[in-house]
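Okay, thanks everyone for coming.

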Amino acid sequence: MQFYSTRNINNKVKGHEAILSGIASDGGLYLPSTYLKFDLEKHLDDDYETLAFNILSYYFDEFDEAELKEAIHKAYTTFESKDVTPIVKCGDDYILELFHGPTCAFKDIALELLPHLLSMAIKLKNQDSLILTATSGDTGKAALAGFKDVGHTNLFVFYPLNGVSKAQERQMLTSEGQNVRVIGVKGNFDDCQKAVKQAMTSKELISYLEEYNLHFSSANSINIARLLPQCVYYFDAYYKLVKEGVINLYDKVNFTVPTGNFGNILAGYIASLMGLPVNKLIMASNRNNILYDFMNSGTYDTHRVFHKTNSPSMDIIVSSNLERLLSLLINDDHKLKRLMNDLNEKGIYTIDDTLKSKINDIFYAGFTDETSTVKTIRNCFDDYGYILDPHSAVGYKVMKEYPNPQKNINILLSTASPYKFKETIKEAGIALDMAKAPLSIKELDSKPVLHNINIEREDIISCIRELIKTLK
């Protein structure tokens with residue numbers, strides 16, 4: 001399998017190289033050259049680990065199969081649920097719980113596996129990795145947990161100060177590991193993400209890293225090894241409903257996804273390319289509704305007010321993975337590159353009506369504000385006794401607004417545990433039973449703060465240079 005850059009289809013690398021570099025040398029994102037044609041009937045009885053292997057072994061075919069199976073097993077035995085991603089009924093709809101991993105967020109599903117994939121890739125290249133990660137809340141802690149003291153890897157996590165929940169920040173600042181660093185940035189997530197991308201493509205920094213026998217990689221969803229494992233739970237959710245008799249095999253369903261950086265919902269689209277019967281991908285945004293505006297107008301305009309909301313992991317203006325969707329639908333790397341250059345240089349681009357129509361055939365977009373998010377948490381609890389975290393509540397509200405003319409079954413991807421957002425749950429008038437909280441949340445207040453680096457947004461690149469000197 002080869003992976004090509006969205007900005008130059010002739011810029012192709014092998015799987016281990018795509019994993020190691022994270023981002024292409026031309027600034028593009030990697031996509032697989034072909035997609036698995038998945039036999040739905042054949043794999044109906046696969047458990048989660050088997051399903052993951054049967055999907056990922058197609059894309060990462062240069063890895064030893066036994067080693068890949070062991071990596072998958074190690075990743076998913078860290079989850080408190082044997083199902084990994086259980087699905088629960090909520091009225092007429094279904095909620096796919098993606099938060100039963102070590103850090104209580106959906107990012108665990110890929111980030112518990114990524115360190116193993118990266119270690120396998122490192123064996124094929126005699127250099128250690130420096131992983132740069134920008135986080136809007138959940139990716140940071142999930143990466144810190146997954147990469148803690150993993151050999152031949154080092155991890156720098158950048159997060160926006162005052163831009164994540166108290167629990168999310170404390171999870172990061174109390175993270176252990178000799179090979180990890182956490183840096184608070186006086187800015188927003190987009191500042192962090194932009195600087196990380198600039199660093200990873202900086203010839204000067206890449207040359208500087210070589211002096212330390214290091215190369216850059218990423219744990220963000222810009223890394224293809226973050227994205228592809230997320231396709232698995234779409235198939236798993238579908239199979240669960242088939243086996244429960246809710247749907248028949250080959251019936252189409254709707255998936256609703258709380259969306260910030262567009263990675264989670266893009267995984268659903270890639271699953272559909274592999275043959276998953278998807279009717280509509282429902283994209284839910286908070287008040288930072290740039291994706292909603294783009295879907296409706298065809299113009300992606302970053303010149304807008306940035307809002308800090310009660311669903312902070314979605315407080316994003318530049319949604320990186322949208323580039324991958326455009327690449328797949330345009331199928332013209334020169335045109336795609338022009339759009340991305342417009343985004344980088346002018347902060348705005350516009351697509352034509354034909355492309356806009358293609359996107360709207362696949363996706364439905366909606367958004368909600370903070371007040372409605374709190375009301376939705378309360379209403380869902382009153383109606384069904386189910387407690388949504390604020391991100392999932394954004395999704396739930398938009399899912400209920402979708403007209404659903406074909407009356408397809410709705411599946412909401414619930415991205416985080418409500419225990420990570422106690423303040424918002426309390427605002428909804430709900431008292432969380434802390435005795436039932438995940439252990440990793442219960443232990444937070446007793447853990448010491450181990451990271452105390454805070455910097456200005458313009459100092460991110462220089463900070464990376466200085467921190468490299470502290471690595472062993």
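Let me start with H451: setting aside neighbours within four places in sequence, H451 is in contact with M172, L173, S175, V180, R181 and V182. Keep in mind that this is a predicted model.

Where does H451 sit? You'll find H451 in the loop between helix 20 (439-442) and strand 16 (453-456). Is H451 buried or exposed? H451 counts as buried, because its relative accessibility is 10% and the cut-off for buried is under 20%.

The largest pocket has a volume of about 690 Å³. It is lined by 30 residues, and the closest to its centre are K194, K197, V318, L343 and N344. Which helix gives the most to this lining? That's helix 8, with six residues. Helix 8 (189-200), helix 14 (322-330) and helix 15 (333-346) each supply at least two. By class, the lining of the largest pocket has ten nonpolar, eleven polar and nine charged residues.

Then there's the second largest pocket, with about 440 Å³ of space. Of its 19 lining residues, S21, I23, K125, I206 and F216 are the closest to the centre. Strand 2 (8-14), helix 1 (15-21), helix 9 (203-210) and strand 9 (214-218) each supply at least two residues of this lining. By class, we have ten nonpolar, six polar and three charged residues lining the second largest pocket.

Notes. Residues numbered from 1 in each chain as written. Predicted model: local features only at pLDDT ≥ 70, side-chain atom pairs only at ≥ 80, totals over all residues. Heavy atoms only, no water. 1 Å grid on protein atoms, 1.4 Å probe; cavity = no way out; pocket = protein on both sides within 12 Å on 5 of 7 lines; lining within 4 Å. Points joined across faces, edges and corners; volume = space filled by probe spheres on them. Helix = DSSP H or I, 4+ residues; strand = E, 2+ residues; numbered from the N terminus. Nonpolar A, V, L, I, M, F, W, Y, C, P; charged D, E, K, R; others polar. Buried < 20%, exposed > 50% of the residue type's maximum accessible area, 1.4 Å probe, protein only. Contact = heavy atoms within 4.5 Å.
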